[in-house]
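Subject: Structure handover

Hello,

Here is the structure I said I would pass on. My notes on it follow below.

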Amino acid sequence: MAIIFLLPFSASAQIGNYLGDESDLYAATKQMNQFFRRFNHEEDKLGNKFDPSSKQFRNNSDRKDYINILFDGQNKAVPQAVKDDFVNQVTNSANPTFLEFHGGEWFAEVTTRFLYEGREQDLTLFMKLQEEKVGSKWVISNVYFEPFAKIMGKDVQDPNKFLHPLSHELEFMNLRKIFDEPQERKEVKNYVEANHKTDYVTLFLYEVARNSLQFRTVTNVKFHFFQINNWYFEVSRFNRGGYNNGWLISNLARLTPDNKDVLLNYIYSNGN
(Lines give C-alpha, C1' and ligand atoms only; values in the text may rest on other atoms or scores of the structure.)
Protein backbone atom coordinates (compact mmCIF):
# COMPACT_ATOMS: atom_id res chain seq x y z
CA MET A 1 0.00 0.00 0.00
CA ALA A 2 2.85 2.38 0.78
CA ILE A 3 4.09 1.91 -2.78
CA ILE A 4 1.73 4.66 -3.88
CA PHE A 5 4.12 7.17 -2.36
CA LEU A 6 7.16 6.01 -4.33
CA LEU A 7 8.85 8.59 -6.55
CA PRO A 8 10.08 8.15 -10.10
CA PHE A 9 13.68 6.87 -10.13
CA SER A 10 15.14 10.13 -11.48
CA ALA A 11 13.82 12.18 -8.60
CA SER A 12 14.95 9.44 -6.26
CA ALA A 13 18.53 9.77 -7.43
CA GLN A 14 18.62 13.53 -6.91
CA ILE A 15 17.38 13.64 -3.33
CA GLY A 16 18.87 10.32 -2.41
CA ASN A 17 22.37 11.75 -2.79
CA TYR A 18 21.73 13.82 0.31
CA LEU A 19 19.09 12.09 2.39
CA GLY A 20 19.16 8.41 1.50
CA ASP A 21 15.97 6.75 0.27
CA GLU A 22 13.76 9.78 -0.37
CA SER A 23 10.65 7.64 -0.81
CA ASP A 24 10.52 7.57 2.98
CA LEU A 25 10.23 11.34 2.97
CA TYR A 26 7.14 11.22 0.82
CA ALA A 27 5.65 8.26 2.66
CA ALA A 28 6.08 9.97 6.03
CA THR A 29 3.25 12.11 7.32
CA LYS A 30 5.61 14.86 8.34
CA GLN A 31 3.21 17.38 9.85
CA MET A 32 -0.12 17.19 11.65
CA ASN A 33 -1.66 19.45 9.02
CA GLN A 34 -0.63 16.83 6.49
CA PHE A 35 -2.21 14.13 8.67
CA PHE A 36 -5.51 16.00 8.41
CA ARG A 37 -5.16 16.36 4.63
CA ARG A 38 -4.30 12.69 4.12
CA PHE A 39 -7.11 11.52 6.39
CA ASN A 40 -9.53 13.63 4.34
CA HIS A 41 -7.82 12.90 0.99
CA GLU A 42 -7.07 16.53 0.27
CA GLU A 43 -3.62 16.02 -1.27
CA ASP A 44 -2.07 13.67 -3.85
CA LYS A 45 0.63 11.02 -3.40
CA LEU A 46 3.39 13.62 -3.60
CA GLY A 47 1.85 16.02 -1.13
CA ASN A 48 0.30 18.38 -3.67
CA LYS A 49 -3.03 19.77 -2.48
CA PHE A 50 -6.13 18.96 -4.53
CA ASP A 51 -8.28 21.80 -5.76
CA PRO A 52 -11.52 21.64 -3.71
CA SER A 53 -13.46 21.64 -6.98
CA SER A 54 -11.65 18.55 -8.34
CA LYS A 55 -13.12 15.04 -8.25
CA GLN A 56 -10.10 13.87 -6.28
CA PHE A 57 -10.70 16.27 -3.39
CA ARG A 58 -12.02 14.16 -0.49
CA ASN A 59 -12.53 11.25 -2.92
CA ASN A 60 -14.11 8.72 -0.65
CA SER A 61 -12.95 5.48 -2.28
CA ASP A 62 -9.31 6.61 -2.44
CA ARG A 63 -9.47 7.76 1.17
CA LYS A 64 -9.44 4.15 2.35
CA ASP A 65 -5.88 3.74 1.10
CA TYR A 66 -4.73 6.93 2.77
CA ILE A 67 -6.36 6.20 6.08
CA ASN A 68 -5.01 2.65 6.22
CA ILE A 69 -1.52 4.02 5.66
CA LEU A 70 -2.01 6.39 8.59
CA PHE A 71 -2.05 3.53 11.13
CA ASP A 72 1.08 2.51 13.02
CA GLY A 73 1.69 -0.79 11.24
CA GLN A 74 3.80 -2.13 14.10
CA ASN A 75 1.03 -1.82 16.67
CA LYS A 76 -0.64 -5.23 16.81
CA ALA A 77 -2.81 -4.30 19.79
CA VAL A 78 -5.51 -2.88 17.52
CA PRO A 79 -7.20 -5.75 15.62
CA GLN A 80 -7.51 -5.32 11.86
CA ALA A 81 -11.27 -5.86 12.16
CA VAL A 82 -11.52 -2.81 14.44
CA LYS A 83 -9.47 -0.73 11.99
CA ASP A 84 -11.71 -1.90 9.14
CA ASP A 85 -14.86 -0.90 11.04
CA PHE A 86 -13.40 2.53 11.72
CA VAL A 87 -12.32 3.09 8.11
CA ASN A 88 -15.65 1.84 6.77
CA GLN A 89 -17.51 4.27 9.00
CA VAL A 90 -15.53 7.38 8.10
CA THR A 91 -15.58 6.52 4.38
CA ASN A 92 -19.24 5.54 4.29
CA SER A 93 -20.40 6.82 0.91
CA ALA A 94 -23.76 7.95 2.28
CA ASN A 95 -22.31 9.79 5.26
CA PRO A 96 -18.52 10.22 5.07
CA THR A 97 -16.77 11.78 8.06
CA PHE A 98 -13.83 14.14 7.81
CA LEU A 99 -11.48 15.65 10.35
CA GLU A 100 -11.80 19.38 10.90
CA PHE A 101 -8.81 21.29 12.27
CA HIS A 102 -11.11 23.83 13.90
CA GLY A 103 -13.81 21.30 14.70
CA GLY A 104 -12.82 20.86 18.37
CA GLU A 105 -12.92 17.48 20.12
CA TRP A 106 -9.17 16.96 19.77
CA PHE A 107 -6.24 18.12 21.88
CA ALA A 108 -2.51 17.77 22.33
CA GLU A 109 -0.61 16.03 25.12
CA VAL A 110 2.79 17.68 25.47
CA THR A 111 5.40 16.05 27.68
CA THR A 112 7.78 18.69 28.97
CA ARG A 113 10.67 18.78 31.40
CA PHE A 114 10.87 21.32 34.20
CA LEU A 115 13.38 21.93 36.95
CA TYR A 116 11.54 21.49 40.26
CA GLU A 117 13.00 21.17 43.74
CA GLY A 118 16.51 20.78 42.40
CA ARG A 119 15.94 18.15 39.73
CA GLU A 120 14.46 17.89 36.25
CA GLN A 121 11.04 16.23 36.19
CA ASP A 122 8.48 15.45 33.50
CA LEU A 123 5.34 17.58 33.46
CA THR A 124 2.48 17.03 31.01
CA LEU A 125 0.60 19.93 29.46
CA PHE A 126 -2.73 19.30 27.73
CA MET A 127 -3.27 21.88 25.01
CA LYS A 128 -6.37 22.72 23.02
CA LEU A 129 -7.16 25.14 20.25
CA GLN A 130 -9.11 28.18 21.38
CA GLU A 131 -11.00 30.03 18.68
CA GLU A 132 -10.57 33.80 18.66
CA LYS A 133 -12.35 36.58 16.80
CA VAL A 134 -9.54 36.34 14.30
CA GLY A 135 -7.91 32.92 14.03
CA SER A 136 -7.18 30.59 16.92
CA LYS A 137 -4.46 29.78 19.41
CA TRP A 138 -3.22 26.86 21.53
CA VAL A 139 -3.92 27.22 25.24
CA ILE A 140 -3.18 25.07 28.29
CA SER A 141 -6.35 23.27 29.33
CA ASN A 142 -5.01 20.82 31.90
CA VAL A 143 -1.80 19.76 33.65
CA TYR A 144 -0.45 16.54 35.09
CA PHE A 145 2.57 16.71 37.39
CA GLU A 146 3.42 13.78 39.63
CA PRO A 147 4.49 15.89 42.66
CA PHE A 148 1.11 17.67 42.52
CA ALA A 149 -0.74 14.38 42.25
CA LYS A 150 1.15 12.87 45.19
CA ILE A 151 0.20 15.79 47.43
CA MET A 152 -3.36 16.30 46.26
CA GLY A 153 -4.23 12.66 45.60
CA LYS A 154 -7.49 11.89 43.89
CA ASP A 155 -9.61 14.28 45.94
CA VAL A 156 -10.76 11.40 48.18
CA GLN A 157 -11.37 12.50 51.75
CA ASP A 158 -10.96 10.54 54.97
CA PRO A 159 -14.41 10.56 56.68
CA ASN A 160 -12.74 10.31 60.10
CA LYS A 161 -11.03 13.66 59.72
CA PHE A 162 -13.22 16.74 60.02
CA LEU A 163 -13.79 19.94 61.98
CA HIS A 164 -16.45 19.51 64.61
CA PRO A 165 -19.65 21.51 63.88
CA LEU A 166 -19.18 23.38 67.16
CA SER A 167 -15.69 24.52 66.21
CA HIS A 168 -16.96 28.05 65.77
CA GLU A 169 -17.75 28.24 69.48
CA LEU A 170 -14.03 27.83 70.12
CA GLU A 171 -13.11 30.38 67.46
CA PHE A 172 -11.83 27.54 65.27
CA MET A 173 -8.81 27.04 67.50
CA ASN A 174 -8.65 23.41 66.35
CA LEU A 175 -7.30 24.68 63.02
CA ARG A 176 -3.96 24.81 64.83
CA LYS A 177 -3.87 21.02 64.92
CA ILE A 178 -4.37 20.83 61.16
CA PHE A 179 -1.75 23.34 60.19
CA ASP A 180 0.86 22.79 62.89
CA GLU A 181 1.31 19.05 62.60
CA PRO A 182 3.31 17.97 59.51
CA GLN A 183 1.24 14.83 58.89
CA GLU A 184 -2.04 16.74 59.13
CA ARG A 185 -0.78 19.37 56.70
CA LYS A 186 -0.33 16.61 54.12
CA GLU A 187 -3.99 15.66 54.62
CA VAL A 188 -5.42 19.17 54.62
CA LYS A 189 -7.65 18.20 51.66
CA ASN A 190 -9.90 16.50 54.24
CA TYR A 191 -11.05 19.88 55.45
CA VAL A 192 -12.37 21.38 52.21
CA GLU A 193 -15.89 20.93 50.86
CA ALA A 194 -16.73 17.50 49.51
CA ASN A 195 -17.19 18.47 45.87
CA HIS A 196 -13.87 20.29 45.67
CA LYS A 197 -11.74 19.41 42.65
CA THR A 198 -8.06 20.20 42.58
CA ASP A 199 -7.22 22.74 39.90
CA TYR A 200 -3.80 21.60 38.69
CA VAL A 201 -3.58 24.44 36.15
CA THR A 202 -3.74 27.01 38.95
CA LEU A 203 -1.11 25.12 40.93
CA PHE A 204 1.06 25.07 37.83
CA LEU A 205 0.62 28.80 37.21
CA TYR A 206 1.46 29.58 40.82
CA GLU A 207 4.65 27.51 40.82
CA VAL A 208 5.77 28.98 37.49
CA ALA A 209 5.03 32.53 38.66
CA ARG A 210 7.21 32.13 41.74
CA ASN A 211 9.91 30.46 39.61
CA SER A 212 9.72 27.12 41.44
CA LEU A 213 8.99 25.44 38.10
CA GLN A 214 11.54 26.31 35.44
CA PHE A 215 10.96 25.11 31.88
CA ARG A 216 13.71 23.05 30.27
CA THR A 217 12.38 21.40 27.09
CA VAL A 218 9.65 19.47 25.26
CA THR A 219 10.34 15.74 25.08
CA ASN A 220 7.23 14.33 23.38
CA VAL A 221 3.96 15.34 21.71
CA LYS A 222 0.90 13.31 20.80
CA PHE A 223 -2.72 14.08 19.99
CA HIS A 224 -6.05 12.69 21.18
CA PHE A 225 -9.07 12.73 18.87
CA PHE A 226 -12.73 12.45 19.86
CA GLN A 227 -14.01 14.04 16.67
CA ILE A 228 -15.33 10.87 15.03
CA ASN A 229 -18.64 9.65 16.44
CA ASN A 230 -18.26 6.51 18.56
CA TRP A 231 -14.47 6.43 18.23
CA TYR A 232 -11.33 7.62 19.97
CA PHE A 233 -7.91 7.56 18.39
CA GLU A 234 -4.44 8.77 19.34
CA VAL A 235 -1.84 10.14 16.94
CA SER A 236 1.88 9.88 17.75
CA ARG A 237 5.04 10.63 15.84
CA PHE A 238 7.25 7.75 14.73
CA ASN A 239 10.78 8.45 13.53
CA ARG A 240 11.99 5.25 11.89
CA GLY A 241 12.95 3.85 8.53
CA GLY A 242 10.53 2.54 5.93
CA TYR A 243 7.29 3.98 4.68
CA ASN A 244 5.27 3.71 7.90
CA ASN A 245 6.59 6.70 9.84
CA GLY A 246 5.78 10.28 10.78
CA TRP A 247 2.43 11.15 12.43
CA LEU A 248 0.40 7.94 12.65
CA ILE A 249 -2.63 6.58 14.46
CA SER A 250 -1.04 4.84 17.44
CA ASN A 251 -4.22 3.75 19.24
CA LEU A 252 -7.85 3.24 18.32
CA ALA A 253 -10.85 2.34 20.46
CA ARG A 254 -14.61 2.29 20.22
CA LEU A 255 -16.24 4.95 22.33
CA THR A 256 -19.53 5.08 24.17
CA PRO A 257 -20.97 8.00 26.17
CA ASP A 258 -20.27 6.02 29.32
CA ASN A 259 -16.59 5.33 28.71
CA LYS A 260 -15.62 8.72 27.24
CA ASP A 261 -15.28 10.37 30.66
CA VAL A 262 -13.40 7.35 31.99
CA LEU A 263 -10.96 7.55 29.11
CA LEU A 264 -10.51 11.32 29.51
CA ASN A 265 -9.79 10.91 33.21
CA TYR A 266 -7.27 8.20 32.39
CA ILE A 267 -5.51 10.47 29.88
CA TYR A 268 -5.48 13.47 32.22
CA SER A 269 -4.03 11.40 35.05
CA ASN A 270 -1.31 10.03 32.76
CA GLY A 271 -2.65 6.53 33.20
CA ASN A 272 -2.35 6.64 36.99
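Trp247 is buried, with a relative accessible area of 8%; buried means under 20%, exposed over 50% and partly exposed in between, with a 1.4 Å probe and protein chains only. This is a predicted model, in which local features need pLDDT of at least 70 and side-chain atom pairs count only at pLDDT 80 or more, while totals for chains, interfaces and linings use all residues. Residues are numbered from 1 along each chain as its sequence is written, and side-chain values use heavy atoms, with hydrogens and water left out.

Phe223 is also buried, at 8% relative accessible area. The ring centres of Phe223 and Trp247 are 5.3 Å apart and the planes are at 65°, so this pair is edge-to-face. Rings of Phe, Tyr and Trp (its six-membered ring) pair if their centres lie within 6.5 Å; planes under 30 degrees apart are stacked, over 60 edge-to-face, and the rest tilted. Phe223 belongs to strand E4 and Trp247 to strand E6 (residues 246-254), 24 residues apart, and the pair links these distant parts of the chain. Helices (H or I, at least four residues) and strands (E, at least two) are DSSP runs, numbered from the N terminus.

Phe223 also has partners across the strands. Ala108 stands opposite Phe223 in E4, and Val235 is the bridge partner of Phe223 in E5. Strand E1 (residues 106-116) and strand E4 (residues 213-225) run antiparallel and are joined by eleven bridges; two strands pair if DSSP finds at least two bridges between them. E4 is also joined to strand E5 (residues 231-238) by four bridges, again antiparallel. E4 and E5 make a hairpin with five residues between them, and Asn230 in the turn has a positive phi of about 75°.

By the ring rule, there are 28 aromatic pairs. One of them is Phe36 with Phe101, edge-to-face at 5.4 Å centre to centre and 65° between the planes. Phe36 lies in helix H3 (residues 32-40) and Phe101 in the loop between helix H5 (80-90) and E1, so the pair ties together parts 65 residues apart in sequence. Phe36 is buried at 5% relative accessible area, whereas Phe101 is partly exposed at 27%.

Elsewhere, the charged end of Arg58 sits over the ring of Phe98, 4.3 Å from its centre; this requires NZ of Lys or CZ of Arg within 6 Å of the ring centre and within 35 degrees of the ring normal.

Regards
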